[in-house]
Amino acid sequence: MAHSTPNDVDHALAYPEPPASPLWHRHRAKAHPLTPEQQRRNRELLDIAQRTTRPRSPRPTETLAEAS
């Protein structure tokens with residue numbers, strides 16, 4: 001098994017990490033709770049979405065190679 005000597009230094013770790021980008025620390029507006037009317041509307045939309053089926057496009061009966 002190889003052992004390391006004092007001269008075997010990973011130079012990528014020899015310097016301090018740069019400071020974090022200021023773009024990572026944006027202060028955004030805080031989220032506010034939904035009103036009862038918004039909650040009711042969201043529940044209605046969710047109920048409709050769960051009850052309705054999405055139309056599926058029909059699958060072609062021939063492959064792309066046969067279509068050419």
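This is a predicted model: local features need pLDDT of at least 70, side-chain atom pairs count only at pLDDT 80 or more; totals for chains, interfaces and linings use all residues.

Visitor: How many helices and strands are in the secondary structure?
Guide: The protein has two helices and zero strands.

Visitor: And what share of the residues counts as buried?
Guide: Of the 68 residues, 0% count as buried.

Visitor: How much accessible surface does the protein have?
Guide: About 7900 Å². Carbon and sulfur atoms account for 58% of that surface.

Visitor: New topic. How many salt bridges turn up in the whole structure?
Guide: A search finds four.

Visitor: Remind me, why would side chains pair up like that?
Guide: Side chains with opposite charge can pair when their charged atoms come close.

Visitor: Which residues are linked in a network?
Guide: Salt bridges link Glu37, Arg40, Arg41 and Glu44.

Visitor: Start with Arg40. What does Arg40 form with Glu37?
Guide: A salt bridge, with the closest N and O atoms 2.4 Å apart. Both residues lie in helix α1, which covers residues 36–51. They are three residues apart, about one turn of the helix.

Visitor: What about Arg40 and Glu44, how do their side chains meet?
Guide: They meet in a salt bridge too, at 2.2 Å from N to O. Arg40 and Glu44 are four residues apart in helix α1, so about one helical turn separates them.

Visitor: Which residue does Arg41 meet in a salt bridge?
Guide: Glu44, at 3.8 Å from N to O. Arg41 and Glu44 are three residues apart in helix α1, again about one helical turn.

Visitor: What about Glu44?
Guide: Glu44 is at 33%, which also counts as partly exposed.

Visitor: Last one. How does Arg41 count?
Guide: Arg41 is partly exposed, with a relative accessible area of 42%.

Terms used: Residues are numbered from 1 along each chain as its sequence is written. Side-chain values use heavy atoms; hydrogens and water are left out. Buried means under 20% relative accessible area, exposed over 50%, partly exposed in between (1.4 Å probe, protein chains only). Accessible areas come from the Shrake-Rupley method with a 1.4 Å probe; for residues, only the protein chains shown count as cover.
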